[in-house]
Amino acid sequence: MSDTPMDASKRTWLIASGCAGAVGAAFTAVPFVSSFEPSERAKAAGAPVEVDISALKPGEKMTVEWRGKPVWILRRTPEQVADLPKHDGELADPLSKRKPDELTPAYARNENRSIKPEVLVVVGICTHLGCSPGDKLVPGPQPSLPDDWPGGFLCPCHGSTFDLAGRVFKNKPAPDNLEVPPHTYLSDSRLLIGEDKKA
């Protein structure tokens, strides 16, 4: 250490430089540390999703996103609900017995695969290789479908077909029915997707 006294202006410059460096380091550290926090979008991706289905008319379908997956909500007509049992013999798993804990909650292990018979809630991802099936809701002959098509969904990737309850037809590449996500009704017109009980 030198015995020579430090110039006052030099000392002031060193203190100011040190303070500026400390402030700069703090401003740099805050975004860096906050980058470890999950984003609002990431938090929302796993959170339950509340959906208003009051405007959904019979025969209409809407899609919402939950955990990065498309979730279909279909309000079936009374005729569509009545027709569901008529083709059970053509389905690979009509009673949703395969992988029940993974694909179908207990309250949806019925002919309709739903809490309310008219409202279907399923994840719109084919159980074969993860493609998203398209709507083929109108019954009758159509390209790539049988002449007695009852209405449902067709996967464009490998031709798997699903009925209006998301149940897969026999002899198709998809091994299982479409997944029914956990959900509950908050009211007659509001659904909570991602939880089985009211929040």
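Reader: Is arginine 167 buried or exposed, and what is its relative accessible area?

Author: This is a predicted model, in which local features need pLDDT of at least 70 and side-chain atom pairs count only at pLDDT 80 or more, while totals for chains, interfaces and linings use all residues. Residues are numbered from 1 along each chain as its sequence is written, and side-chain values use heavy atoms, with hydrogens and water left out. A residue is called buried under 20% relative accessible area, exposed over 50% and partly exposed in between, with a 1.4 Å probe and protein chains only. Arginine 167 counts as buried, because its relative accessible area is 0%.

Reader: Which residue meets arginine 167 in a salt bridge?

Author: A salt bridge requires a side-chain nitrogen of Lys or Arg within 4 Å of a carboxyl oxygen of Asp or Glu. Here the N to O distance is 3.0 Å, and the partner is partly exposed at 23% relative accessibility. That partner is glutamate 111.

Reader: How many residues apart in sequence are the parts that glutamate 111 and arginine 167 tie together?

Author: Helices (H or I, at least four residues) and strands (E, at least two) are DSSP runs, numbered from the N terminus. Glutamate 111 lies in the loop between α4 (100–103) and β4, whereas arginine 167 lies in the loop between β7 and β8 (183–187).

Reader: How many residues apart are arginine 190 and aspartate 52, whose side chains meet in a salt bridge?

Author: Their salt bridge, with 3.6 Å from N to O, belongs to a structure where the count comes to 11 salt bridges. Arginine 190 is partly exposed at 28% relative accessibility, and aspartate 52 is partly exposed at 38%. Since arginine 190 sits in strand β9 (residues 190–193) and aspartate 52 in strand β1 (residues 49–52), the pair links distant parts of the chain, and the separation is 138 residues.

Reader: Which residues form the disulfide?

Author: A disulfide is a covalent bond between the sulfur atoms of two cysteines, counted here when those atoms are within 2.5 Å. The structure holds one disulfide, with sulfur atoms 1.9 Å apart and a left-handed link of -100° about the S-S bond. One partner is in the loop between β4 and β5 and the other in the loop between β6 and β7, 26 residues apart. They are cysteine 131 and cysteine 157.

Reader: What is the distance from the sulfur of cysteine 126 to the closest cysteine sulfur?

Author: The closest cysteine sulfur belongs to cysteine 155, and cysteine 155 is in no disulfide. Cysteine 126 is buried with a relative accessible area of 4%, and cysteine 155 is buried with 4% as well. The sulfur atoms are too far apart for a bond, because the distance is 3.9 Å.

Reader: Which residues have the most contacts inside the largest nonpolar core?

Author: A nonpolar core is a set of buried Ala, Val, Leu, Ile, Met, Phe, Trp, Tyr and Cys residues joined through side-chain atoms within 4.5 Å. The largest has 18 residues, and β3 (69–75) and β4 (119–123) are the elements that give two or more residues to this core. Apart from it lies another core of 14 residues, including Ile53 and Leu56. Inside the largest core, the residues with the most contacts are Leu74, Val122, Phe153 and Phe162.

Reader: Which residue takes a positive phi in the hairpin of β2 and β3?

Author: Strand β2 (residues 61–66) pairs with β3 in the antiparallel sense over six bridges, and lysine 61 stands opposite leucine 74. The hairpin has two residues between the strands, and the one with a positive phi near 55° is arginine 67.

Notes: Two strands pair if DSSP finds at least two bridges between them.
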